[in-house]
Amino acid sequence: MDFLEISRYGFMIAFFLYCASFIFYVVAVTGKTWKNRDPEQHERKWGRISFVTSSLGLLSHLVYCAARWAYSGHIPVSNMYEFMTFLSMMVMIAFTVIFFIYRKILLGMFALPIAIIIMAYAAVFPREVQPLIPSLRSIWLYIHVTLAATSEAFFAVGFIAALIYLLRTIEFNSTDKSARRQKWWIEFTLFSIIIVVGFIVSVFAFRAAGYEAVYTQNKTTIDSQVQQDSTIDKQGVYHMPPIIAPYESKPVSVPAFLGMDRAWFEAPSWMSGASAARKLNTVIWALITGIVLYLILRLILRRPLGQVLAPAVRGIDPNDADEISYRAIAIGFPIFTLGALVFAMIWAQQAWGRFWGWDPKEVWALITWLYYSVYLHLRLSRGFQGRKASWLAVLGFLVVMFTLVGVNLIIAGLHSYAGTD
Amino acid sequence: MALIENTKCECGHQNRVGTVLCESCGKPLDNSGESQALLEMRYDGVARRSQRVNPNFIDRIWNFFSSVKVAVYLILFTLLGAMLGTIFEQESNFINFDPSTFYKNKYGQIGEIYYKLGLSHTYESWWFVLLLVMIGASLVICSLDRVLPLYKALSKQRIRKHLQFLTRQKVVYQGPIHEGEETDWVERAVKPLRRKRYRVHAEKDALLAEKQRFSRWGPYIIHIGLIVFLLAVLFRGLPGLHLDQHYWFPEGEKTKISGTNLYLENEKFTVEYYSQDEMSEDFRKTGKEVPKMFETKAILYECTANCDDPSKQPQLREVKRHAIQVNDPLSYKGLSAYQFDFDLTPKLRSVQPVLVNKVTGEQYGKFKLEMNNPQQEFKLGPYTLELKNKFLDFSLNEQGQPISKSKDPNAPAFLFLVKGPDIPEEGSQFIYFPKQIDKERFQQDAINEKLGGLQNKLQIDVLGMEDVDFIASSSYLNIRIDRAMPFVWLGLGIVMLGLIMSFYWQHRRIWLRIDDGILTLGAHTTKNWFGMRREVSSFLAAMGIEADEKSLENGGK
């Protein structure tokens with residue numbers, strides 16, 4: 001058994017332990033009201049079980065990381081699979097740190113699903129160990145990426161605590177305008193998380209089924225050397241049934257899926273890039289799967305998800321949740337400045353000769369930093385603690401995730417090494 | 001006419017307008033003596049400079065920039081502006097291209113609108129730079145407006161504060177003291193507080209304990225660092241401080257770096273790829289080749305004499321030798337050379353042809369024809385070849401005129417004026433393509449027919465491959481001078497120092513006073529109330545008072 005195999009086992013074991021400990025956390029939090037038990041003793045016992053399980057998961061996650069590092073000779077943060085796996089590990093570490101300070105079992109119930117989703121999302125990307133291209137062969141890869149991931153993990157914990165605060169304070173029975181609006185947005189936040197789950201589920205479902213559809217796209221390009229028009233056929237491979245076909249394309253093989261044997265639409269002309277239509281198609285499938293998942297959940301629970309979760313968070317003092325959120329962000333902010341901006345600048349200066357080049361990833365790191373500095377300034381003013389600050393923390397996590405994932409998938413740029421394909 | 005506020009506190013201290021808490025005793029000055037709301041403890045309740053009465057013009061500008069609200073808006077606008085710039089590629093990403101057509105061709109109508117709005121160079125546009133300058137102004141003024149009054153307030157704190165100041169803190173405890181302990185209670189409290197590393201100032205029946213006050217200066221240090229950083233970035237672009245050029249360095253040649261008296265030689269350029277056993281099994285299957293290293297073995301020379309005289313060979317002295325790699329630039333006295341790109345296609349350096357008289361078969365020469373710095377005249381037997389023009393990348397434009405598409409010797413051509421026997425007095429023109437493929441592609445003979453018909457009499461020919469000299473590869477280096485960089489790093493260092501000071505430490509204070517056997521305790525921290533409550537609770541426990549952490553939280557809103 002070589003290191004690569006050990007790392008694969010480490011990944012799988014960590015994933016299943018996280019899933020198990022999530023269930024334990026739910027039992028620990030919600031089981032207090034069950035009959036025939038002393039709530040305090042129940043929480044103590046199940047809290048310990050769940051924390052031990054999640055810590056074992058983290059240990060296995062660390063084994064994955066160390067083994068893959070030993071196998072490849074470089075820290076496993078060099079592509080999207082490795083980075084997202086690393087990020088979920090850092091979320092678990094940040095959760096553990098915050099847990100040791102505040103000892104709130106409830107955090108685990110929300111932190112674990114986030115770590116699990118990020119980990120599952122990582123598995124969507126190609127998993128092979130890639131050799132490092134010259135620009136990545138630097139000590140700064142280790143420092144810059146690990147610190148950036150650490151700070152983003154703390155922002156994630158800040159998001160989790162803010163979500164708890166909101167679930168705790170929103171009056172689900174009230175019908176006044178502000179409460180209705182908040183109920184709608186909290187439901188939308190939960191729905192967005194389910195869309196991400198929908199994306200992961202659809203990718204794995206079609207991958208398991210081995211689905212593949214092929215398109216050719218005629219592209220006329222002018223060859224400058226020969227000064228003649230030549231037509232190149234570009235092939236696009238879909239791993240999900242095409243709803244949107246590439247712009248001006250012909251199907252080569254499109255296996256029928258639920259009687260659907262051709263695309264319904266063609267991508268608009270400005271999406272002429274080969275992968276743009278495929279990505280749009282993937283997004284549509286993610287939305288469909290996510291909506292179906294959401295509707296199933298609603299049918300089973302017969303209530304908005306926020307309302308279902310609200311009783312579970314009743315045990316926490318909202319002021320504590322607010323403070324945990326603030327604290328996590330306050331811990332993360334200097335690390336983010338150092339790791340994602342200062343060290344990134346030093347590395348950029350060394351590798352590219354300029355410390356700042358307005359590359360999309362750089363700009364989005366700056367946007368994240370500006371966003372959280374707004375958050376920190378606003379927190380100083382009265383009336384921004386609590387509800388407003390929590391919404392800012394929730395939105396902030398969206399900005400972080402866009403910087404990490406969205407930029408690579410949509411905008412690309414110099415950091416595109418971490419993208420798909 | 002503004003109402004003259006009565007700002008005199010009951011303790012007799014005359015406060016400035018805008019003061020929230022009496023500078024001396026801490027009594028809230030919000031008139032509502034009965035209010036139990038939590039105190040506004042920002043800047044310790046002192047009046048800021050921007051809270052002057054009857055502001056004049058300069059005061060108004062000061063007041064505008066000193067507002068945190070304005071600062072937040074400035075940051076938000078900058079944030080949104082920065083987002084706009086990431087929608088499509090920025091012009092600065094490209095070296096040679098035409099932005100007026102690029103965006104339209106690539107993105108259609110939307111692209112054209114994007115370009116017309118100037119968003120293709122968002123970060124250089126006047127409004128974006130103005131936002132940054134305004135943020136800079138806000139950083140300076142916000143800091144000055146607050147830090148001086150805060151410094152004054154913190155350096156002359158009264159130990160015994162007004163009762164309301166204590167009871168309206170966020171962490172409060174009030175309760176009776178066991179009988180007989182009143183006299184030395186305060187004295188006994190000093191020790192456990194010192195153990196928690198507080199600085200304790202005690203009076204007969206009042207006490208102030210304080211720690212980590214320095215963390216209060218963190219935000220202002222962050223702002224100073226940001227100012228240093230912004231100024232360094234602003235002055236970076238000044239002439240003489242900044243140089244940013246890209247050059248091709250053909251292997252084995254010394255190339256002058258313009259604007260300096262330095263020459264750089266690319267001694268050897270190598271590309272190394274990962275071998276099969278360095279790849280993982282999965283990756284080998286993909287069949288991809290991944291480069292491992294690009295390296296230019298470079299030698300840097302300083303010119304010591306004949307530097308500006310083109311007729312003489314400059315005298316060079318070696319000053320630095322370095323293997324330039326990605327992530328490992330050459331650095332010499334502020335100049336850096338970065339590996340940027342490379343070209344492995346061999347290029348002609350020189351040829352050594354002979355001149356052949358087609359009629360007699362006689363050969364004259366060899367003469368050395370260099371691509372980059374060719375000799376202007378060659379004397380070959382009875383003939384003279386005068387170089388009239390050269391086209392390194394020969395092509396014909398729309399008018400049929402010969403042009404050179406680039407400076408690279410992709411399709412070199414030399415136009416000579418030939419003089420000698422059987423040729424008219426004024427000479428006759430003759431074009432020569434050193435590469436056989438170009439001779440055929442551009443039809444050398446047909447051109448010469450038009451030029452003067454020398455192709456039947458004379459011919460320029462390379463006899464063998466040993467007479468052709470190639471440049472094996474070229475390295476594209478980015479040469480930079482950035483005199484402002486030390487200040488950029490200094491600014492960032494100061495920012496980090498301030499961040500660590502203000503986020504990883506908290507300024508904590510505990511006030512207590514004893515009135516008729518009743519202990520009143522108030523505590524304040526800049527962050528982490530959870531830790532503050534825990535500390536107060538453990539202090540009270542050490543004093544024999546049981547107080548649950550949660551019970552210390554002041555319910556007032």
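Is B:Gly517 buried or exposed? I looked it up first. B:Gly517 is buried, at a relative accessible area of 11% (buried is under 20%, exposed over 50%, partly exposed in between, with a 1.4 Å probe and protein chains only).

I noted the ground rules. The model is predicted, so local features need pLDDT of at least 70 and side-chain atom pairs pLDDT 80 or more, while totals for chains, interfaces and linings use all residues. Residues are numbered from 1 along each chain as its sequence is written, chains are lettered from A and ligands numbered from 1 in the order written, and side-chain values use heavy atoms, without hydrogens and water.

**Around B:Gly517.** I found B:Gly517 in the loop that joins strand 24 (508-515) to strand 25 (518-525) of chain B. Strands are DSSP runs of E with at least two residues, helices runs of H or I with at least four, numbered from the N terminus. From B:Gly517 to B:Val351 I read 166 residues in sequence and 106 Å in space, C-alpha to C-alpha.

**UniProt record.** An unreviewed UniProt entry lists "domain: ResB-like" for residues 68-422 and 436-536 of chain B; such annotations may be inferred rather than shown by experiment. I checked residues 436-536 of chain B: the end C-alpha atoms are 91 Å apart, and the span is 42% helix and 33% strand.

**Second largest pocket.** A pocket is an open set of points on a 1 Å grid with protein on both sides within 12 Å along at least five of seven lines, a cavity is a set where a 1.4 Å probe fits but cannot get out, and lining residues have an atom within 4 Å of a point. Volume is the space filled by probe spheres set on the points. The second largest pocket has about 1300 Å³. I counted 35 lining residues, with B:Glu253, B:Lys254, B:Thr255, B:Asn372 and B:Asn373 closest to its centre. Why does the pocket lie between domain 3 and domain 4 of chain B? Domain 3 (242-347 + 474-482) and domain 4 (353-461) both give residues to its lining; the bounds come from an automatic or database domain assignment.

**Cavities.** I found two cavities of 30 Å³ or more. The largest cavity has a volume of about 100 Å³. Its 13 lining residues include B:Cys22 and B:Lys161, both among the closest to its centre.

**Chain A.** I listed eleven helices and five strands in chain A. Of its 421 residues, 55% count as buried. The C-alpha trace spans about 80 × 55 × 55 Å along its principal axes.
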